[in-house]
Amino acid sequence: MQWDIVRGDTAPLRIDFLEDDEVTPINISTWTVEATAYSPKDDTSDELEVTIGQGYIDVTAPADITGYWGTGYSSIVSELLFDVQVTIGDRVWTPIVGTIRVLGDVTGGSL
């Protein structure tokens, strides 16, 4: 999965968990969820904010974190890895693995 984020913006991502009918939300109220972004260039990790709803997870990369992602003047200023890890009882599952492509902010002048 690729998640495009503009440097310095608050970036939300919603992940829905549905039954096989693709309509009915799965009960995820007992899940423990963590999300992390990792920069292989800098060898740094940032914990992302996670909110659990009825059948969905909202992952947010807040502006105070994304403002530090990437350097230089280019349309793509950095690429980070990220994942969402779920713990259900004693089982650990990583349903989402992807790349965050950090884009320069044209209006804010950080392109």
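Helices (H or I, at least four residues) and strands (E, at least two) are DSSP runs, numbered from the N terminus.

The structure is a predicted model, in which local features need pLDDT of at least 70 and side-chain atom pairs count only at pLDDT 80 or more, while totals for chains, interfaces and linings use all residues. Residues are numbered from 1 along each chain as its sequence is written, and side-chain values use heavy atoms, with hydrogens and water left out.

## The chain as a whole

The C-alpha trace of the chain spans about 45 × 30 × 20 Å along its principal axes. Of the 111 residues in the chain, 33% are buried. Buried means under 20% relative accessible area, exposed means over 50%, and partly exposed lies in between (1.4 Å probe, protein chains only).

The chain exposes about 6,700 Å², and carbon and sulfur atoms supply 48% of this area. Accessible areas come from the Shrake-Rupley method with a 1.4 Å probe; for residues, only the protein chains shown count as cover.

A contact means heavy atoms within 4.5 Å. Among contacts between residues at least 6 apart in sequence, 61% join residues at least 24 apart.

The chain carries 5 positive and 19 negative charges, and their mean positions are 7 Å apart. Lys and Arg count as positive and Asp and Glu as negative, whereas His and the chain ends are not counted. The place of a charge is taken as NZ of Lys, CZ of Arg, CG of Asp or CD of Glu.

## Salt bridges

How many salt bridges does the structure hold? The structure holds two. A salt bridge is a side-chain nitrogen of Lys or Arg within 4 Å of a carboxyl oxygen of Asp or Glu. Both pairs are set out below.

| Salt bridge | Distance of the closest N and O atoms |
|---|---|
| R101 and D4 | 2.9 Å |
| D58 and R14 | 2.7 Å |

In the pair of R101 and D4, the closest N and O atoms are 2.9 Å apart. R101 lies in strand β7 (residues 91–103) and D4 in strand β1 (residues 2–6), so the pair ties together parts that are 97 residues apart in sequence. R101 is partly exposed, with a relative accessible area of 23%, and D4 is also partly exposed, at 36%.

D58 forms its salt bridge with R14. Because D58 lies in strand β5 (residues 56–61) and R14 in strand β2 (residues 11–16), this pair ties together parts that are 44 residues apart in sequence. R14 counts as partly exposed, at 47% relative accessibility.

## Aromatic rings

A pair of aromatic rings is described by the distance of the centres and the angle of the planes. Rings of Phe, Tyr and Trp (its six-membered ring) pair if their centres lie within 6.5 Å; planes under 30 degrees apart count as stacked, over 60 as edge-to-face and the rest as tilted. By this rule the count comes to four aromatic pairs.

Why is the pair of W31 and W93 edge-to-face? The ring centres of W31 and W93 are 5.9 Å apart and their planes stand at 85 degrees, so the pair is edge-to-face. The pair links distant parts of the chain, with W31 in the loop between β2 and β3 (32–39) and W93 in strand β7, 62 residues apart. W31 is buried, at 10% relative accessibility, whereas W93 is partly exposed, at 30%. Ring pairs also link F17, W31 and W93 into a cluster.

## Backbone angles in two loops

Most residues other than glycine have a negative phi, and most peptide bonds are trans. E22 has a positive phi, near 60 degrees. E22 lies in the loop between β2 and β3 and is exposed, at 65% relative accessibility. D43 is not a glycine either, yet its phi is positive, at about 55 degrees. D43 is found in the loop between β3 and β4 (44–52) and is exposed, with a relative accessible area of 57%.

V77, in strand β6 (residues 76–88), is buried at 9% relative accessibility. V77 and G104 are 27 residues apart in sequence, and their C-alpha atoms are 5.9 Å apart in space.

E47 lies in strand β4 and is partly exposed, at 48% relative accessibility. Leaving aside its neighbours within four places in sequence, E47 is in contact with E34, A35, T36 and I65. E47 and I65 are 18 residues apart in sequence and 9.2 Å apart in space, C-alpha to C-alpha.
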